[in-house]
Amino acid sequence: MLQWGVIERSDAPYNNPLVTVVKTDGSIRLCLDARKLNTIILPTRDASPPIDDILAKFNNKSFFSSLDFSSGYWQIPLDSSVRQYTSFLYDGRSYQFCVVPFGLNISNAAFGKGLEAALNNYSIPCMSPDDIHTYVDDILVSSPSFESHFDTLGWIFHKISQAGLTLKIKKCHLIKQQI
């Protein structure tokens, strides 16, 4: 995590426990146990729309894709002024997150804002913006035609690449008739 730039050494006076979560694929996700920290963080009101609202927009659509980000939260930089609050001890040494950690009550909203900023950098506008739906750390694409779906995916891939974000290919489902 140090080599990846996810964490850095810290001299902060704060300390949060760490928790490991076993994911469905058997891999382990390291999370900040930020229960105390979350009690003092001012929550953001941004959230993913209810999945039923997104699914209602799939009406009259024939082609679908879902894009999943690799450790999505870790792709969003954490402002240097707040990193100290994410500090934790490991092997007797203090570290802090440089990116949004899993475990904060604002992690989902921070990722959503980062993704929104990446997609809304309109050097080239999307021809079908209503076909793009963000849900937690996924992008869902629904299109009425193969051509528009292909064009929208190309636009999204370009924006993701420009922003330096990465997808977890094995969890992406491209150009399906149902997802």
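What is the order of the strands in the open sheet of 3 strands? The order is β1-β6-β5, with antiparallel pairing. This is a predicted model, in which local features need pLDDT of at least 70, side-chain atom pairs count only at pLDDT 80 or more, and totals for chains, interfaces and linings use all residues. Residues are numbered from 1 along each chain as its sequence is written, and side-chain values use heavy atoms, with hydrogens and water left out.

**The sheet**

- Strands here are DSSP runs of E with at least two residues, helices are runs of H or I with at least four, and both are numbered from the N terminus.
- Two strands pair if DSSP finds at least two bridges between them.
- β1 and β5 are the edge strands, each pairing on one side only.
- On average, neighbouring strands of this sheet are turned by 45° against each other, direction ignored. Axes for such angles are lines fitted to C-alpha atoms, for helices over the stretch in contact, and angles run from 0 to 180 degrees between N-to-C directions.
- Strand β1 (residues 7-9) is joined to β6 by 3 bridges, and the two run antiparallel. Glu8 stands opposite Gln96 in β6.
- Strand β5 (residues 88-90) is also joined to β6 by 3 bridges, again antiparallel. Leu89 faces Ser94 of β6, and Tyr90 has Arg93 as its bridge partner there.
- β5 and β6 form a hairpin with 2 residues between them. Asp91, in the turn, has a positive phi of about 55°.
- Strand β6 (residues 93-97) has 4 of its 5 residues buried, so it is largely enclosed by the rest of the structure. Buried means under 20% relative accessible area, exposed over 50%, and partly exposed in between (1.4 Å probe, protein chains only).

**The pockets**

- A pocket is found on a 1 Å grid over the protein atoms alone: it is an open set of points where a 1.4 Å probe fits, with protein on both sides within 12 Å along at least five of seven lines. Lining residues have an atom within 4 Å of a point.
- The largest pocket holds about 530 Å³ of space. A volume is the space filled by probe spheres set on the points, which are joined across faces, edges and corners.
- Its lining has 23 residues, with Pro49, Glu116, Ile132, His133 and Thr134 nearest the centre. The elements giving two or more residues to this lining are α2 (51-56), α3 (107-119) and β7 (132-135).
- α3 gives the largest share of that lining, 6 residues.
- By class, the lining of the largest pocket has 11 nonpolar, 6 polar and 6 charged residues. Ala, Val, Leu, Ile, Met, Phe, Trp, Tyr, Cys and Pro count as nonpolar, Asp, Glu, Lys and Arg as charged, and the others, Gly among them, as polar.
- The second largest pocket holds about 280 Å³. Ile41, Leu78, Val82, Leu104 and Ile106 are the closest to its centre among its 16 lining residues.
- Here too α3 gives the largest share, 4 residues. The classes are 11 nonpolar, 3 polar and 2 charged.

**Cysteines**

- The whole structure has 0 disulfides (pairs of cysteine sulfur atoms within 2.5 Å).
- For Cys98, the nearest cysteine sulfur is that of Cys31, 17 Å away.
- Cys98 is buried because its relative accessibility is 10%. Cys172 is buried at 13%.

**His158**

- His158 sits in helix α4 (residues 146-163).
- Its relative accessibility is 36%, so His158 counts as partly exposed.
- His158 and Leu119 are 39 residues apart in sequence. Their C-alpha atoms are 9.3 Å apart in space.
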